[in-house]
Amino acid sequence: MAPSYVAGGGAGSAWAADGAVSSVLDNVGLLTPETREYLEKMVGQVEADTGLKMRVILPKPGQYTDKEYMKPVAVAWGVDRTSLILIVEDAKGGAVANTGKSRGPGAFGKRYLDWSPGFRLQEKYQFRLSRDFFLRNKGKFGTPEYVKENGLDGAVRDAARDVATCYYKLAASQATQNGMASPICGDPFPREQVDAVLGEHGL
């Protein structure tokens, strides 16, 4: 049985009874259980297969910038300088409602999603990982239009699956040592390609 996590306001509330912290913290209860479980499985498998860490958080207002909350979470997550965090917030620092309605022109530059990559991540892959990949990812999956059409669940899931596809492709290119200089991860991948790549890994 998976550990039970309580997503409250204090740092300790993100912990399970055994001291573990979920890789997907939905502190406002906006993800369906199915999506959260899928993301936890995907994040864990991608890390096991590629060594790259991805974490997801839907924080309460002000939580992500609260060092007292985030520092112990980051330590428990084991994030490093090549880790990546997906944050789902609105302009006021709280998670968006699962309606897809825009919160106005100031909301995250009209984006519901934001990525926080460790500063060594692009350095690790150099030209194979475009500087703009994460900007383009949230520019596609984090717009009010995309959320309205696909739901917040779908937007978060699709954004994370796109990055997981990138990670598998980067790992494959590193294994072949082919020395390619053109970006592998530049723009979001076509859905068919995402399904094919992740399908090979049971995702």
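**Exercise 1. A residue in a strand**

In which strand is the place of Ile-57? Determine also whether Ile-57 is buried or exposed, and list the residues that Ile-57 touches beyond its sequence neighbours.

*Solution.* The model examined here is a predicted one.

Step 1. Ile-57 has its place in strand β2, which covers residues 54–58.

Step 2. The relative accessible area of Ile-57 is 0%. Buried means under 20% relative accessible area, and Ile-57 is therefore buried.

Step 3. Leaving out residues up to four places away in sequence, Ile-57 touches Leu-25, Asn-27, Tyr-64, Tyr-69, Met-70, Trp-77, Ile-85, Leu-86, Ile-87 and Val-88.

Step 4. Ile-57 and Leu-86 are 29 residues apart along the chain, and their C-alpha atoms are separated by 6.3 Å.

**Exercise 2. Confidence and overall organisation**

State how many helices and strands the protein has, give their order, and identify where the pLDDT is below 50.

*Solution.* 

Step 1. The protein contains 6 helices and 4 strands. Read from the N terminus on, the order is β-α-β-α-β-β-α-α-α-α.

Step 2. The mean pLDDT of the protein is 82, with 76% of the residues reaching 70 or more. Among the elements, the lowest mean pLDDT, 86, belongs to helix α3 (residues 121–125), and the highest, 97, to helix α6 (residues 191–199).

Step 3. The pLDDT is below 50 over residues 1–13, a stretch with 30 contacts in the model beyond near neighbours in sequence. It is also below 50 over residues 99–109, where the corresponding number of contacts is 22.

Step 4. Of the 203 residues in the protein, 46% are buried. Among contacts between residues at least 6 apart in sequence, 71% join residues at least 24 apart. The accessible surface comes to about 10000 Å², and carbon and sulfur atoms account for 52% of that surface.

**Exercise 3. The disulfide**

Which cysteines form a disulfide, and how far apart are their sulfur atoms?

*Solution.* 

Step 1. A disulfide is a covalent bond between the sulfur atoms of two cysteines. The structure holds 1 disulfide.

Step 2. Its partners are Cys-166 and Cys-185, whose sulfur atoms are 2.1 Å apart. This separation can be compared with the cut-off, which is within 2.5 Å.

Step 3. Cys-166 has a relative accessible area of 0% and is buried. Cys-185, at 0% relative accessibility, likewise counts as buried.

**Exercise 4. A tyrosine in helix α5**

In which helix does Tyr-167 lie? Decide whether Tyr-167 is buried or exposed, and describe its contacts.

*Solution.* 

Step 1. Tyr-167 belongs to helix α5.

Step 2. With a relative accessible area of 0%, Tyr-167 is buried.

Step 3. Setting aside neighbours within four places in sequence, Tyr-167 is in contact with Val-46, Thr-50, Leu-52, Lys-53, Met-54, Leu-84 and Leu-121.

Step 4. Lys-53 is one of these partners. Tyr-167 and Lys-53 are 114 residues apart along the chain, while their C-alpha atoms are separated by 9.6 Å.

**Exercise 5. Aromatic rings**

How many aromatic pairs does a search of the whole structure find? Classify the pair formed by Phe-133 and Phe-134 and the pair formed by Phe-141 and Tyr-146.

*Solution.* 

Step 1. The search finds 4 aromatic pairs.

Step 2. The ring centres of Phe-133 and Phe-134 are 5.3 Å apart, and their planes stand at 65°. Planes over 60 degrees apart count as edge-to-face, so the pair of Phe-133 and Phe-134 is edge-to-face. Phe-133 is buried at 0% relative accessibility, and Phe-134 is buried with a relative accessible area of 9%.

Step 3. For Phe-141 and Tyr-146, the ring centres are 5.2 Å apart and the planes are at 90°, so this pair is edge-to-face. Phe-141 is buried, with a relative accessible area of 4%, and Tyr-146 is buried, with 12%.

Step 4. Ring pairs join Trp-115, Phe-133, Phe-134 and Phe-189 into a cluster.

Step 5. The charged end of Arg-157 sits over the ring of Tyr-38, at 3.9 Å from the ring centre.

Terms used. Residues are numbered from 1 along each chain as its sequence is written. This is a predicted model: local features need pLDDT of at least 70, side-chain atom pairs count only at pLDDT 80 or more; totals for chains, interfaces and linings use all residues. Side-chain values use heavy atoms; hydrogens and water are left out. pLDDT is the predictor's confidence in each residue, from 0 to 100. Helices (H or I, at least four residues) and strands (E, at least two) are DSSP runs, numbered from the N terminus. Contact means heavy atoms within 4.5 Å. Buried means under 20% relative accessible area, exposed over 50%, partly exposed in between (1.4 Å probe, protein chains only). Accessible areas come from the Shrake-Rupley method with a 1.4 Å probe; for residues, only the protein chains shown count as cover. Rings of Phe, Tyr and Trp (its six-membered ring) pair if their centres lie within 6.5 Å; planes under 30 degrees apart count as stacked, over 60 as edge-to-face and the rest as tilted. A charge sits over a ring if NZ of Lys or CZ of Arg is within 6 Å of the ring centre and within 35 degrees of the ring normal.
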